[in-house]
Amino acid sequence: MQINSRASLRRPSVSIAALIATFLSSFFAAQTGQAQTAPVVSSEVANSAANYVQGEMQRQHIPGVALLVSRGGTIVQAQGFGLANVELQVPVKPETVFQSGSVGKQFTATAVMMLVEEGKVGLDDPLTKYFPHAPAAWKEVTVRELLSHTAGFGDYPKTFDFRKDWTEEELLKVVESVPLAYPPGTKWEYSNLGFLTLGILIHRVTGEFYGDFLQERIFHPLGMETTRIISEADIIPNRAAGYRLVKGELKNQEWVAPTVNTSADGSLYFSILDLAKWDAALYTEKPLKRSSFEQMWTPAKLKTGRPNNDRYGFGWFIGDRHGHRVVSHDGAWQGFETRIARYVDDQLTVVILTNLAGAKLDGLAERVADLYLAAAKNAARKN
């Protein structure tokens, strides 16, 4: 998800330079202090990763970062840096809760695949099976195409009001009002509206709000205690604040209506500790059969029979980096940027959660992964 930018009223505020000088000075002096660390394997590579994260925070003016590195489903580094809340000077720690952005799409996709395994949904079912009053063009759209962003669905219209408290049916009408951008299955185009629709589909098939379904079938069974649908009204322990830079000044995230923050295109809270549990589960068949995950981690084919150009599966991008197979996803929403990258064959996962809109995480996650991959290679040579 990505919220549209809006003009904001000018108010006196502290400059970003002053804030950075205030809260970065303490943890740059040492890795104790504001850098909060869960039990981790102490190693030179962990220190190098921490130093690199801190350097990127200073360069990009990122208030806070949570870093997770796991191997084979076991945490090797879980560490917080900087501030979860700048105004209250609250440090980030491994328990800090961030907003997911589109990293949440993999959970929506997993929920749909659960229903596929149970025979309640077919990947090649036309959408009109679940939305009988939808536009006629939806007869040509399949569940598979929604999952892989090849359905012709687009993003929120430019006129969409993020501050209106839409009902689910009203949101569906918005989606239905947007003509298909291209014939289904003929190209790839990232679509938040497609995943919003999948959440409504889950509700129609199960009779449960998709967030409740995720809680009952994924989060609770896996012990993901902090992961849940966003609610700014509820009291959420360890919740981080989201920020954005406006002409060099740090501002709070923009407000959106409560129901806009409950859609299935990326409206979750989670911590790196919960994502460590999720990562561990992906090595098992607890949430899904191995065959279902392999389908999610395979680039979806277009009607030509060729994989889509962006190598997207179901809720995951599939890539190859220097000979290492990587399944990954980014997220951006309301002053948060997130990234999960799983080096599948190396059994290495890197997760980075930040509370600054526009933070660049691709290079940061790749650098951390490179440090751990190089260390593993050197260790193998010695053995």
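How many bridges join β5 to strand β9? Two bridges do, and these strands run antiparallel. This is a predicted model, where local features need pLDDT of at least 70, side-chain atom pairs count only at pLDDT 80 or more, and totals for chains, interfaces and linings use all residues. Residues are numbered from 1 along each chain as its sequence is written, and side-chain values use heavy atoms, leaving out hydrogens and water.

**The sheet**
- Strands (DSSP runs of E, at least two residues) and helices (runs of H or I, at least four) are numbered from the N terminus.
- An open antiparallel sheet is formed by three strands in the order β5-β9-β6; two strands pair if DSSP finds at least two bridges between them.
- β5 (98-99) and β6 (228-229) stand at the edges with a single partner strand each, so one side of each has no neighbour in the sheet.
- Glutamine 99 has tyrosine 269 in β9 as its bridge partner.

**Threonine 197**
- Threonine 197 sits in helix α6 (residues 192-206).
- With a relative accessible area of 0%, threonine 197 is buried (under 20% relative accessible area, 1.4 Å probe, protein chains only).
- Its contacts (heavy atoms within 4.5 Å) include Phe131, Trp138 and Val175, not counting residues up to four places away in sequence.

**Helix α10**
- The 21 residues of helix α10 (residues 362-382) should span 30 Å at 1.5 Å a residue, and its end C-alpha atoms are 30 Å apart, which agrees; the expected span is 1.5 Å times one less than the number of residues.
- Among the buried residues of α10 are Leu364, Val368 and Tyr372.
- The buried residues of α10 pack against elements including α2 (44-60) and β11 (324-333).

Terms used:
Buried < 20%, exposed > 50% of the residue type's maximum accessible area, 1.4 Å probe, protein only.
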